[in-house]
Amino acid sequence: ENEIFACMVHNLFDEYRFFSKYPEKELRITGILFGALIQEQLVSSITLGIALRYVLEALRKAPAPQGTTTSSGKMFKFGMFALEQ
């Protein structure tokens, strides 16, 4: 079970580079999942560092102007969804 979980987390981290292309609903779900993994302490050590780095990197992106959708704006939203957990 631990190996399966580790593989799932690894695949989720590999998907990070595509988050800016995710539709809104999937981006929200993914951000919530990231935040929950951190909040519930389901990742630790190096994996925790990677998860936190991805969230912080996303939050450093500029939010999209109201009514528009940009790649950096989507990443900012991902970071906010994660942070809200």
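User: In which helix does Ser45 lie?
Analyst: This is a predicted model. Ser45 has a positive phi of about 55°, although it is not a glycine. The helix in which Ser45 lies is α3.

User: Is Ser45 buried or exposed?
Analyst: The cut-off for exposed is over 50% relative accessible area. Ser45 has 62% relative accessibility, so Ser45 counts as exposed.

User: Where is Gln41 found, and what is its phi?
Analyst: Gln41 is found in the loop between α2 (24–39) and α3. Gln41 is not a glycine, yet its phi is positive, at about 55°.

User: Is Gln41 buried or exposed?
Analyst: Exposed requires over 50% relative accessible area. Gln41 is at 68% relative accessibility and therefore counts as exposed.

User: What separates the C-alpha atoms of Glu40 and Glu3?
Analyst: Glu40 lies in the loop between α2 and α3. At 53% relative accessibility, Glu40 counts as exposed. Glu40 and Glu3 are 37 residues apart along the chain, and their C-alpha atoms are separated by 18 Å.

User: What is the handedness of the crossing of α3 and α4, and which residues of α3 make the contact?
Analyst: The crossing in which α3 passes α4 is left-handed. On the α4 side, the contact is made by Met75, Phe76, Phe78, Gly79, Met80, Ala82 and Leu83. On the α3 side, it is made by Tyr54, Val55, Ala58 and Leu59.

User: How many nonpolar residues are in the contact of α3 with α4?
Analyst: By class, this contact has no charged residues and one polar residue. The nonpolar residues number ten.

User: Which element gives the largest share of the largest nonpolar core?
Analyst: This core has 17 residues, and those with the most contacts inside it are Phe13, Tyr16, Phe19, Phe34, Met75 and Phe78. The elements giving two or more residues to it are α1 (2–14), α2, α3 and α4. The largest share is four residues, from α3.

User: With which residues is Phe19 in contact, leaving aside neighbours within four places in sequence?
Analyst: Phe19 is among the core residues with the most contacts inside the core. With those neighbours left aside, its contacts are Leu12, Leu27, Thr30, Phe34, Met75 and Phe78.

Key. Residues numbered from 1 in each chain as written. Predicted model: local features only at pLDDT ≥ 70, side-chain atom pairs only at ≥ 80, totals over all residues. Heavy atoms only, no water. Left-handed = near helix turned anticlockwise from the far one by under 90°. Contact = heavy atoms within 4.5 Å. Nonpolar A, V, L, I, M, F, W, Y, C, P; charged D, E, K, R; others polar. Buried < 20%, exposed > 50% of the residue type's maximum accessible area, 1.4 Å probe, protein only. Core = buried A, V, L, I, M, F, W, Y, C linked by side-chain atoms within 4.5 Å.
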